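Me: I'm new to this one and would like a walk through it. Could you take me from the overall layout down to a few single residues?

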Amino acid sequence: MAFGRLERSTPPPPISDINVTPLIDVMLVLLVIFIVTAPLLASSLKLDLPRAEASGPSEPARFVALGLDAQGTLYLADRPAGREEVERALREAAAADAQTEVRLRADRAVPYGRVAELIDAAQQAGLTRIGFVTEPEAPR
């Protein structure tokens, strides 16, 4: 009784094509996820807002830019200024809007006492929002 043939045929050559079916499956799943979540990212409250002339965007936040270099020279908006001129500008800014921000840029070689004097001048003028401008560290 013979269970098989004695002739051996050569096996089929291996398939060298890339199977892209799993890639397509993953892409379709991601597409469905994006389709489902995209409406959630937008505002879900649909309103038909009235039109008005005065409803433009609010004006950007006001600020006074102060600088202090290593030699102790004061700068008001990137131009050299005397202490009296800086104090006058701070008083005028506080009179116009008490929420005006003071953006202070000081060289790292400046003594802390000089920076404290500028902060005190801003506070005496009525400005309490003071920001320190720095440079970001270089990535390592």
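Predicted model: local features only at pLDDT ≥ 70, side-chain atom pairs only at ≥ 80, totals over all residues.

Me: OK, how many helices and strands does the chain have?
Reply: There are 3 helices and 5 strands in the chain, and read from the N terminus on, the elements follow the pattern α-β-β-β-α-β-α-β.

Me: And how do the strands line up in the sheet, in what order?
Reply: The 5 strands make an open sheet with mixed pairing, and their order across it is 3-2-1-4-5. Strand 3 (79-80) and strand 5 (129-132) are at the edges and have a single partner strand each, so one side of each has no neighbour in the sheet.

Me: Where does helix 2 lie?
Reply: Helix 2 lies across strand 1, strand 2, strand 3 and strand 4, and it runs at about 35 degrees to strand 2.

Me: Let's go inside. Which residues touch the most other members of the largest nonpolar core?
Reply: That core has 21 residues, and those touching the most other members are Leu66, Leu76, Val86 and Leu90. At least two core residues come from each of strand 1 (63-68), strand 2 (74-76), helix 2 (83-96), strand 4 (101-106) and helix 3 (112-125), and helix 3 gives the largest share, with 6 residues. As a general point, nonpolar side chains in soluble globular proteins tend to be buried together.

Me: Pick Leu66, then. What does Leu66 touch?
Reply: Leaving aside residues up to four places away in sequence, Leu66 touches Tyr75, Leu76, Val86, Leu90, Val102, Arg103, Leu104, Arg105 and Leu118.

Me: Zooming out for a second, how much of the chain counts as buried?
Reply: Of its 140 residues, 19% count as buried. The chain exposes about 12200 Å², and carbon and sulfur atoms supply 59% of that area. Among the contacts with a separation of 6 or more, 66% are between residues 24 or more positions apart.

Me: Now the loops. Where is Ala77, and what is its phi?
Reply: Ala77 sits in the loop between strand 2 and strand 3, and its phi is near 55 degrees, which is a positive value in a residue other than glycine. Asp78 is in the loop between strand 2 and strand 3 as well, and its phi is also positive, at about 65 degrees, although Asp78 is not a glycine. For background, most residues other than glycine have a negative phi.

Me: Why does Ala77 count as exposed?
Reply: Ala77 counts as exposed because its relative accessibility is 54%, and the cut-off for exposed is over 50%. Asp78 counts as exposed too, at 61% relative accessibility.

Me: And Ala70, what does Ala70 touch?
Reply: Ala70 lies in the loop between strand 1 and strand 2 and is partly exposed, with a relative accessible area of 41%. Not counting residues up to four places away in sequence, Ala70 touches Asp107, Ala109 and Val110. The C-alpha atoms of Ala70 and Pro111 are separated by 8.8 Å, with the two residues 41 apart along the chain.

Me: Last one: is Thr100 buried or exposed?
Reply: Thr100 is buried, with a relative accessible area of 1%, and Thr100 is found in the loop between helix 2 and strand 4. A polar atom of the Thr100 side chain lies 2.7 Å from the backbone oxygen of Asp97. Thr100 also touches Arg62, Phe63, Val64, Ala93, Leu127 and Arg129, again not counting residues up to four places away in sequence.

Technical notes
Residues numbered from 1 in each chain as written. Heavy atoms only, no water. Core = buried A, V, L, I, M, F, W, Y, C linked by side-chain atoms within 4.5 Å. Buried < 20%, exposed > 50% of the residue type's maximum accessible area, 1.4 Å probe, protein only. Helix = DSSP H or I, 4+ residues; strand = E, 2+ residues; numbered from the N terminus. Contact = heavy atoms within 4.5 Å. Areas by Shrake-Rupley, 256 points an atom, 1.4 Å probe, with all protein chains shown as cover. Pairing = 2+ DSSP bridges. Axes fitted to C-alpha atoms, helices over the stretch in contact; angles between N-to-C directions. Polar contact = N/O pair within 3.5 Å; in protein donor to acceptor, adjacent residues only side chain to side chain.
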